[in-house]
Amino acid sequence: MGLLDKAKEIAGQGAEAAKKAAEAAKEKAGDLQSKRRADDLAEQLGYLIVRERTEGDDVAAESQRLVDEIVVLQKEIAESNGDAAGGESAETVGE
C-alpha cells in the first residue's frame, strides 16, 4: 500500500503546482489588462492636450481625471508585482 499512498501524494503535489501556476497566469493577465488600460488612458490624455493646444479647449478637469485613473492603475500593477512603493513610472506602463 505504500506505493499507492506515494502516488496519491505525488498527484496531490502536481495538482497544487498546477493550481499555483493557474493563479499566477491569471494575475499576469490582470496586470496586462491594467497596463493596456493605462496605455489607452495615456493616449486619450495626449489627444486632450493636442485639442487644448490647437483648439483652445479647457480640458483641465478631463485631463486630471485621466491622470488620476492612470495613477490608480499604476499602483494596482505595482502592488500585484510586490512593489509596495508603487515606483513604476509612466514610461514603464506601456512596456
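A polar contact of 2.9 Å joins the side chains of Asp 57 and Arg 51; such a contact is a pair of N or O atoms within 3.5 Å, where within protein one must be able to donate a hydrogen and the other to accept it, and residues adjacent in sequence count only if both atoms are side-chain atoms. This is a predicted model, in which local features need pLDDT of at least 70, side-chain atom pairs count only at pLDDT 80 or more, and totals for chains, interfaces and linings use all residues. Residues are numbered from 1 along each chain as its sequence is written, and side-chain values use heavy atoms, with hydrogens and water left out. The protein chain has three helices and zero strands; helices (H or I, at least four residues) and strands (E, at least two) are DSSP runs, numbered from the N terminus.

**Loop between H1 and H2**

- Asp 57 sits in the loop between H1 and H2.
- Asp 57 has a relative accessible area of 27%, so Asp 57 is partly exposed; the scale is buried under 20%, exposed over 50% and partly exposed in between, with a 1.4 Å probe and protein chains only.
- Arg 51 and Glu 52 are touched by Asp 57, not counting residues up to four places away in sequence; contact means heavy atoms within 4.5 Å.
- Val 59 is in the loop between H1 and H2 as well.
- Val 59 counts as buried because its relative accessibility is 3%.
- Leu 48, Arg 51 and Glu 52 are the residues that Val 59 touches, again leaving out residues up to four places away in sequence.
- Val 59 and Ile 49 are 10 residues apart along the chain, and their C-alpha atoms are separated by 7.6 Å.

**Nonpolar core**

- The largest nonpolar core holds eight residues: Ala 38, Leu 41, Leu 45, Leu 48, Val 59, Leu 66, Ile 70 and Leu 73. A core of this kind is a set of buried Ala, Val, Leu, Ile, Met, Phe, Trp, Tyr and Cys residues joined through side-chain atoms within 4.5 Å.
- Helix H1 (2–55) and helix H2 (60–80) are the elements that give two or more residues to this core.
- H1 gives the most, with four residues.
- Leu 48 touches Val 59, Glu 62, Ser 63 and Leu 66, not counting residues up to four places away in sequence.
- In soluble globular proteins, nonpolar side chains tend to be buried together.

**Helix H1**

- H1 has 54 residues and reaches 79 Å from its first C-alpha to its last. That is close to the 80 Å expected at 1.5 Å a residue; the expected span is 1.5 Å times one less than the number of residues.
- The buried residues in H1 are Asp 31, Ser 34, Ala 38, Leu 41, Leu 45 and Leu 48.
- Ser 34 lies in H1 and counts as buried because its relative accessibility is 13%.
- Ser 34 is in contact with Leu 73, Glu 76 and Ile 77, leaving aside neighbours within four places in sequence.

**Helix H2**

- The 21 residues of H2 should span 30 Å at 1.5 Å a residue, and the end C-alpha atoms are 30 Å apart, which agrees.
- Ser 63, Leu 66, Ile 70, Leu 73, Gln 74, Ile 77 and Ala 78 are buried in H2.
- Seen down the axis of H2, these buried residues fall within an arc of 135°, so they line one face of the helix. The arc is that of the directions from the helix axis to the C-beta atoms.
- Ala 61 and Glu 79 are exposed residues on the face of H2 turned away from its buried side.
- Ser 63 lies in H2 and counts as buried because its relative accessibility is 16%.
- The side chain of Ser 63 reaches the backbone oxygen of Ala 60 at 2.9 Å.
- Ser 63 touches Leu 45 and Leu 48, not counting residues up to four places away in sequence.
- Gly 82 follows H2 and has a positive phi, near 85°.

**Whole chain**

- Along the sequence, the pattern is α-α-α.
- Of the 95 residues in the protein chain, 17% are buried.
- Among contacts with a separation of 6 or more, residues 24 or more positions apart account for 53%.
- The protein chain exposes about 7100 Å², and carbon and sulfur atoms supply 55% of it. Accessible areas come from the Shrake-Rupley method with a 1.4 Å probe; for residues, only the protein chains shown count as cover.
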